[in-house]
Structures are given as C-alpha cells and as structure tokens.
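Look at the sequence and the model together.

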Amino acid sequence: MLLHDQDAQLLFQSQTPKELRTIPVLSQGLEALEQANAELGMALSQKEMEYLIENFEALKRDPTDAELMMFAQANSEHCRHKVFNADWIIDGIKQEHTLFDMIKHTYKSFPEGILSAYKDNAAVMTGGTGKWFMPDSEKKSYSFFEDNIHSMMKVETHNHPTAISPFPGAATGSGGEIRDEAATGRGATPKAGLTGFVVSHLQIPDFTQSWEKSIGRPDRIASSMEIMMEGPIGGASFNNEFGRPNILGFFEHLKTRINFMKTTPGDITNQ
C-alpha cells in the first residue's frame, strides 16, 4: 500500500470518545485551572482564568474540560478581537475610541452605498440590477430573471495560523472567507479572492542584505522566508481549487526598532 493510501485510511478510523472530565477549581482553585490550561493547550491568560474561577464559584460547580475548551476558542483573540476592542489609555487618560471604533469610523462617516457592515459575516455594498440565469420551476427550463445584484466583501485575518504553519494557515484563511460569504444574509456566491502578506525581513539565504538584522523568533513561528514560500501557495490553492480564482495579491516586508522610555508605571512613551 502506498504511503498516501495509508494516510487516506486515517480519515476512516473511528476513535472511542473520551469521557468528560471535571476540573476541580472549587477545591483546588487557580492551581487546577493552570494545570488544565497547560495540559489542554488552551492558552488562557491569567485574567481569563481568574474570570472562570469567579464565575464557576458563583455557579457552585466545577467546569468540564469541554466547557473550558469551548471558552478558550470562543474567547480567543482570533474570535473576539480583544486587542482591537481594548481601551486606549494614553498618559493616564482613557481615549474615546478603540481601534475597532476607529476602523468603523469611516463607515459611520460615509455610510452611502453600504447595505450592511459589521453586522453579518461579511459586508454588502449596493450593486445594480442584473439578470440571473436560473431554473424556472413553472416552465421547467432555465430562464433569465432580473434582480438587484449587490456586491459583498469579506476579509479574513489568519496571522497566527499562518505564522505557525504557513501553507495550511493561509489556506484555511481563504476557506474562512468562502465560508462567511456563503453565510452572509441568505447566502452569496463567491466570485474571486486575493491574498496578502506583511512579514519581517526575508533574509534570503546567500542573499542577505546589509540592512536586514535578525532579532530572533520563537521556535514555533515560521520565518518570513518560509511564510512567503508556502503561504501564498496555500491561500491561492484553496481559492482556485474551490472555484474562486485568486486573482490578486500583495506582499510587504518591514522590520524596525523602536526605543521606548518608561516614564511612570504603566505609561510608555515612544522616543
């Protein structure tokens, strides 16, 4: 049997489901949750664990491992955009708008021609009238139907997955766009896609430039060169193989050093 046939057989293997396990936070507190966090790879922050303990103590019961895993996914940065929604505090003064508020400001200032934004799985812009070539149930044949045809746009950020594993990380980013396009309103038809990459200096082997400096990176993160060798192919492959042609892309690279001076506890000033 060929190796790829053996790999395919894995798709049809059945596994015995594991039993639910409760995490003893009521009796062991933070220590039990920290251990579960490490064992299950949930990447919960200290504040998130404190939040969970507070709420399960209020419920007077221990959480299951499934509940904790669901929380870890639904409350992740990828799903919740906690950085974009975080407060901005500059020199001790809380700013009026978050990053997400600033992103939405353009739409609030110029809403003309936008049917839906920041409400559904993708944004919809006013289009024009056109004709659909569709089956006519009464005539039992295909006919043209005139209708309003609007334009939909979707952006999927897949920074961390692409940094961990460039090809599948970028590929599933394109897949997420296609998924959300089909789930917008009563459903939309994917037409075309693009992929873009913004990375650090490439440091091409045997072609390193004098201005390219290495400051190191975690072992689990792919290099900029690896991302640019594999990521664009992954993103384009998912698009093209699904039937949504990848017609455009962009690439930028930048690395810079910024010196910060700490003035008072909690305040950082850019120098």
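A residue counts as buried under 20% relative accessible area, as exposed over 50%, and as partly exposed in between. Keep in mind that this model is predicted.

Start with F250. It lies in strand β7. Its relative accessible area is 44%, so F250 is partly exposed. F250 also belongs to a nonpolar surface patch of about 520 Å². The largest share comes from β7, with 3 residues.

Now turn to a helix. Helix α9 covers residues 166–182, which makes 17 residues. From first C-alpha to last, α9 reaches 25 Å. That is close to the 24 Å expected at 1.5 Å a residue. How much of α9 is buried? The count is 12 of its 17 residues, so the helix is largely enclosed by the rest of the structure. Among these buried residues are P166, G169, I178 and E181. What do the buried residues of α9 pack against? They pack against β5 (141–153), α8 (159–164), β6 (193–199) and α10 (224–242).

Find it in the loop between α2 (25–28) and α3 (30–40). Its relative accessible area is 16%, so G29 is buried. Leaving out residues up to four places away in sequence, G29 touches P24 and I53. Compare G29 with E50 too: they are 21 residues apart in sequence. In space, their C-alpha atoms are 9.3 Å apart.

Notes. Residues are numbered from 1 along each chain as its sequence is written. This is a predicted model: local features need pLDDT of at least 70, side-chain atom pairs count only at pLDDT 80 or more; totals for chains, interfaces and linings use all residues. Side-chain values use heavy atoms; hydrogens and water are left out. Helices (H or I, at least four residues) and strands (E, at least two) are DSSP runs, numbered from the N terminus. Buried means under 20% relative accessible area, exposed over 50%, partly exposed in between (1.4 Å probe, protein chains only). Contact means heavy atoms within 4.5 Å. The expected span of a helix is 1.5 Å times one less than its number of residues. Patches are made of residues with over 30% relative accessible area and no salt bridge: like charges are joined within 9 Å, nonpolar side chains (Val, Leu, Ile, Met, Phe, Trp, Tyr) within 5 Å. Accessible areas come from the Shrake-Rupley method with a 1.4 Å probe; for residues, only the protein chains shown count as cover. A salt bridge is a side-chain nitrogen of Lys or Arg within 4 Å of a carboxyl oxygen of Asp or Glu.
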